[in-house]
Amino acid sequence: MTRIFSGVKPTGHLTLGNYLGALRRWAEEDQHRAESLFCVVDLHALTVEHDPARVRRLSRQAASLLLAAGLDPAVCTVFVQSHVDEHARLSYLLECVATDGEMRRMIQYKEKSARAQAAGQGVRLSLLTYPVLMAADILAYGADEVPVGEDQTQHVELTRDLAERFNQRYGGTFVIPRATQPAVAARVMDLQDPASKMGKSHEATAGIVYLLDEPDVVAKKVMRAVTDSEPGVSYDREARPGLANLLEILASCTGKEPAALAAAYDAGGLGFGALKRETADAVVELLRPLQARHAELSADPGYMDGVLREGAARARAIARPTVDAAYRAMGLLPPA
Ligand code: AQP
């Protein structure tokens, strides 16, 4: 049976980008067609300046939002990365396979290290080695598929390279995974800066729709989205990124095609205002059930604890044999 692994970092409040690019597909499709594991990758949140209490809070909130988005613990495994030691164990082995040069080529490292430096903070070594830990997350489970947004494809490519290199040098140990992406909204852009990805850890929040934003806040953010001054409505990601972003969000919410939506708006002589209104309404309706379910789950922390305890036990049982095999393959003496 196909196995799927993916995760979300508790580095901020989850966004519409996380939902449309990843969570929704995990819930609606992936968990029902494959053996799936979904993880709050909290160790990754330590790669940048952080407040420990906030990371703890955001980890619980992210886990709750995974369930609120529709992940069913009876069907898939939901857990927290730091509860399963195998991630860190395997990460070290993969650091012995990866090279410094390939880490420095990662786009996210370049962006986030520049951000840390601009804020006068040191660049943590773990930010450089973060993709190796992500490779360990995936390879420990023998995942065939990794459903992610566009921003993570380079890291999944690196994971493939490391797995192939390891298998070649030390014998066939890892499954070679592949990234899968949603057809639409693989890269939801910031509503105020359509050249940048909508990212949960970004400081300027006016262009970011958070999953737990109140309906009026969602509507305000969408209505104030940056577009352009060209006449008519057309779908062109390069030339009209703000407009394309709105069309993709609306398409993703409604199951329509962005180009078809653009053509309909253009033919009807409807302007950006109408498009923004429809998009705002669609996003509010999309988030309504998720927010209600999150509120229910928040009222029952014991239930969430049980889900995460059980999830970690299941995850550990899958990961341990593969990680132990990797230790042996690399020449480490098994304990007597
Ligand atoms: N804007 C997005 N559009 C589509 N998919 C997205 N994803 C993230 N942002 C978008 C996908 O959501 C999953 C979980 O993301 P993550 O927690 O690994 O990363 P993040 O939300 O981008 O959080 P960061 O790294 O804390 O913020 P940034 O990088 O913006 O500073 C992944 O599958 C991701 O592809």
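Student: What makes strand β1 (residues 3-8) largely enclosed by the rest of the structure?
Tutor: Five of its six residues are buried, so β1 is largely enclosed; a residue is buried if 20 or more other C-beta atoms, placed from the backbone, lie within 10 Å of its own, exposed if 12 or fewer, and partly exposed in between. This is a predicted model, in which local features need pLDDT of at least 70, side-chain atom pairs count only at pLDDT 80 or more, and totals for chains, interfaces and linings use all residues. Residues are numbered from 1 along each chain as its sequence is written.

Student: Why does V148 count as buried?
Tutor: V148 has 22 C-beta neighbours inside 10 Å, and therefore counts as buried. The residue sits in the loop between β4 (145-147) and α7.

Student: How do you know how α6 and α7 are oriented to each other?
Tutor: Helix α6 (residues 125-139) and helix α7 (residues 153-170) pack at about 70°, their axes 9 Å apart, where axes are lines fitted to C-alpha atoms, for helices over the stretch in contact, and angles run from 0 to 180 degrees between N-to-C directions. Angles under 35 degrees count as roughly parallel, over 145 as roughly antiparallel, 65 to 115 as roughly perpendicular and the rest as oblique; α6 and α7 are therefore roughly perpendicular.

Student: On what basis do β1 and β2 count as paired?
Tutor: Strands pair if DSSP finds at least two bridges between them, and β1 and strand β2 (residues 35-40) are joined in the parallel sense over six bridges, with C39 in β2 as the bridge partner of G7.

Definitions and conventions: Helix = DSSP H or I, 4+ residues; strand = E, 2+ residues; numbered from the N terminus.
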